[in-house]
Amino acid sequence: MASVEIRNIRKNFGPVSVIQDVSIDIQDGEFVTLVGPSGCGKSTLLRMIAGLEDISGGELRIGPRVVNGVPPKERDIAMVFQNYALYPHMTVADNMAFSLKLKRAPKAEIKARVDRAAEILGLSKLLDRYPRQLSGGQRQRVAMGRAIVRDPQVFLFDEPLSNLDAKLRVQMRTEIKALHQRLRTTTIYVTHDQIEALTMADKIVVMHDGVVEQIGAPLELYDRPANLFVAGFIGSPAMNFLKGRLQGGRFIAGDGTALPVAHAPEASDGRPVVYGIRPEHFMLDETNGLPAEVAVVEPTGSETQVFARLGGADVVGVFRERIDARPGQQIRLTPDPRLVHLFDEQTGQRL
């Protein structure tokens, strides 16, 4: 196991800069998720750590060693890809053992490592099968097993669950987290799915357009997003945003609707801000709530999502109770003022 230090890393493709001065400290044994929308640079950064992309500037350390110019095979890392990348003509056992055979490891050691990885991943009864005889989830386990047998300092996962169905993604998510808790190998995991990031990581790195927007623990990013981008990206459904101004310790939306604020910044009267409230922080209050016109009601079983118009903006509320409302009807909503987020309208930064 080893720490990973990324210092002012840059990546250019000709005149185009895709990674801009990124710095991240990853501790030994930590599970770190790189998350962001498509094109934000997260997979490119992972490939730079793996040695599959050249580094245009900055310094990358794995453990005490600078590895900028070190070939991938000498970095002591193991990578699990989105498409499994299994050899179709090899059995499960041979796929898992392949890297060790290339190193000419003793047969007894190869068998011991393969058997150990197979036991960890529940593959012991499938070692004689070929990839075509496996389900998607089993193939992904084989790809993980191939990484485990190498006993690397760092695991790299590049969106490994994207090709799986929803139920299997949840199962594999749990299995990967349990695997990390058992092995405690430093893990860097790339995903565009912020639910995966929230549920699996010790630390999340949110990226956007080649820069790091915020680094922190999952609930830290959820409860105290640094800016509008992080606030809108982390959380599902996304945070609601209303534009307006602060006046007399309250928020005044564009249509004149007044919404509560627990703590307004000093000397902020008249300041243009963006008012953020998460869907689950709305409350139904038929007495004192603000009128909202229902557009769509989506029952999900355990929760009900209500899309409505409030304060001149489209908002969504998530409620545990069953709601009998129809499009065009009016409900009354109250945001919990203790859980309101305020952002500067011009810079997008949290106030």
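Ala267 is exposed in this predicted model. The relative accessible area of Ala267 is 88%, so the residue clears the cut-off for exposed, which is over 50%. Ala267 is placed in the loop that runs between β13 (258-260) and β14 (272-277). Ala267 is not a glycine, yet its phi is positive, at about 50°. Most residues other than glycine have a negative phi.

Asn8 belongs to strand β1 (residues 4-13). Its relative accessibility is 37%. Asn8 therefore counts as partly exposed, because that class covers values between 20% and 50%.

A further backbone feature concerns a peptide bond. Most peptide bonds are trans. The bond from Ser236 to Pro237 is cis, with omega near -5°. Pro237 sits in the loop between α8 (228-233) and β11 (240-247).

Aromatic rings were examined next. A pair of rings is described by the distance of the centres and the angle of the planes. The count comes to 7 aromatic pairs. One of them joins Phe31 and Tyr189. Their centres are 5.8 Å apart, and 35° separates the planes. The pair is tilted, because 35° falls between the limits of 30 and 60 degrees. Phe31 lies in strand β3 (residues 31-35), and Tyr189 lies in strand β8 (residues 186-191). The two residues are 158 residues apart, so this pair links distant parts of the chain. Phe31 is buried, at 1% relative accessibility. Tyr189 is buried too, at 0%.

A second pair is formed by Phe241 and Phe343. The ring centres are 6.1 Å apart. The planes meet at 80°, so the pair is edge-to-face. The partners fall into separate accessibility classes. Phe241 counts as partly exposed, at 29% relative accessibility, whereas Phe343 counts as buried, at 0%.

Ring pairs also build a cluster. Its members are Phe31, Phe155, Phe157 and Tyr189.

Charged side chains sit over rings as well. The charged end of Lys11 is placed over the ring of Phe13, 4.8 Å from the ring centre. Arg278 lies over the face of Tyr222, with 3.9 Å to the ring centre.

Key. Residues numbered from 1 in each chain as written. Predicted model: local features only at pLDDT ≥ 70, side-chain atom pairs only at ≥ 80, totals over all residues. Heavy atoms only, no water. Helix = DSSP H or I, 4+ residues; strand = E, 2+ residues; numbered from the N terminus. Buried < 20%, exposed > 50% of the residue type's maximum accessible area, 1.4 Å probe, protein only. Phe/Tyr/Trp six-rings, centres within 6.5 Å; stacked < 30°, edge-to-face > 60°. Lys NZ or Arg CZ within 6 Å of the ring centre and 35° of its normal.
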